[in-house]
Amino acid sequence: MAANHLLQERVSYIASITKQADKDVDGFKDASTPLDLEDGALREGGPLVYTSPEVLTLLFQYAVVGICYGGIPGIRVPVLTYYFGLESATLSSASGLMSLGWSFKVFFGMLSDCLPIMGYSRKPYILIGWVMTAICFVVIALKPVGPSVIVDRSDENIKAAQSYGSVLVLLCALASFCYIMADVACDALVVEYAQREPERVRG
C-alpha cells in the first residue's frame with residue numbers, strides 16, 4: 001500500500017516506466033515544464049530585445065539614478081558649507097541622512113515583493129518613487145533660495161541661512177529615499193527580465 005502511494009506521488013517515475021510522457025498520465029503533463037521554458041528560461045515571455053521600450057526605459061532610469069546618486073551629495077560643499085554656512089556637526093548629520101536610504105534597500109525590496117499594487121510588484125513602486133522624487137526636486141527648485149552667509153555674516157543672517165539649509169537637507173533626504181525605492185524596484189525588474197532569457201544566452 002505504501003509503495004503504491006509513493007508511485008502516485010512521483011508522476012515523473014510513472015511516466016518514465018510507462019513511456020507515455022506525451023499523454024496526461026496521472027497529471028504528469030500538467031506538472032511538466034512548459035515547452036517554451038525547456039530552453040532553460042526561468043520565466044515565460046521570451047528574451048527581451050535590447051532596443052525595446054522596456055530595456056531603454058530601464059537604462060534611462062539607471063542614468064537618472066546615477067545623476068541623483070552623484071548630484072545630491074554634491075551639494076554639501078558648495079551649497080551647504082559655503083552658501084548656507086552649516087556647521088561641521090550639521091554637515092555630518094546631513095551627509096548621513098541623505099545616504100540613509102541605501103540602508104533600507106532590503107526593506108524596499110521586501111515591500112515590493114510582499115505588497116503588490118493592483119497586481120504589480122515592481123512598476124507601481126518605480127512610478128511612485130520617481131513621481132515623489134520629481135515632486136521633491138520641483139519643491140527645491142521653486143522654494144526661495146534663502147539668505148547666504150557669503151554676503152552677510154551677522155548672527156541673525158547666519159541663523160536664517162542655516163535654517164534654509166536644514167530644510168534643503170530634509171528635502172534632499174526625502175528625494176534620496178524615493179529614488180532609492182525606485183532603484184530597488186528596477187533592480188528586481190532586471191532580475192525578472194534576465195530570467196526570461198534562455199540559458200545559452202543568459203547574462
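A nonpolar core is a set of buried Ala, Val, Leu, Ile, Met, Phe, Trp, Tyr and Cys residues joined through side-chain atoms within 4.5 Å. In this predicted model, the largest such core holds 35 residues. Its members that touch the most others are Ile72, Leu80, Met98, Trp130 and Tyr179. Helices α4, α6, α8 and α9 each supply at least two residues of the core, and α9 gives the most, with 16 residues.

**Overall make-up**

The chain has 203 residues, of which 32% are buried. It contains nine helices and zero strands. Of the contacts with a separation of 6 or more, 72% join residues 24 or more positions apart.

The average pLDDT is 82, and 78% of the residues score at least 70. Over residues 1-21 the pLDDT stays under 50, and for that stretch the model has 13 contacts beyond four places in sequence.

**Helix α4 against helix α9**

Two packed helices are described by the angle between their axes and the distance between the axes. For α4 and α9 the angle is about 145 degrees and the axes are 10 Å apart. The crossing of α4 past α9 is left-handed. The residues that make the contact are listed by helix below.

| Helix | Residues in the contact |
|---|---|
| α4 | Glu54, Leu58, Gln61, Tyr62, Val65, Cys68 and Tyr69 |
| α9 | Tyr179, Asp183, Cys186, Asp187, Leu189, Val190 and Tyr193 |

By type, the residues of this contact divide into 10 nonpolar, one polar and three charged.

Leaving out residues up to four places away in sequence, Trp130 touches Gln61, Val64, Val65, Cys68, Tyr179 and Ala182. Among these partners, Gln61, Val65 and Cys68 belong to the α4 side of the α4 and α9 contact, and Tyr179 belongs to the α9 side. Trp130 and Tyr179 are also among the core residues that touch the most other members.

Thr133 lies in helix α8, which covers residues 123-142. Buried here means under 20% relative accessible area. Thr133 has a relative accessible area of 2%, so this residue counts as buried. With neighbours within four places in sequence set aside, Thr133 is in contact with Ala175, Cys178 and Tyr179.

Conventions:
Residues are numbered from 1 along each chain as its sequence is written. This is a predicted model: local features need pLDDT of at least 70, side-chain atom pairs count only at pLDDT 80 or more; totals for chains, interfaces and linings use all residues. Side-chain values use heavy atoms; hydrogens and water are left out. Helices (H or I, at least four residues) and strands (E, at least two) are DSSP runs, numbered from the N terminus. Buried means under 20% relative accessible area, exposed over 50%, partly exposed in between (1.4 Å probe, protein chains only). Contact means heavy atoms within 4.5 Å. pLDDT is the predictor's confidence in each residue, from 0 to 100. Axes are lines fitted to C-alpha atoms, for helices over the stretch in contact, and angles run from 0 to 180 degrees between N-to-C directions. A crossing is left-handed if the near helix is turned anticlockwise from the far one by less than a right angle, and right-handed if clockwise. Ala, Val, Leu, Ile, Met, Phe, Trp, Tyr, Cys and Pro count as nonpolar, Asp, Glu, Lys and Arg as charged, and the others, Gly among them, as polar.
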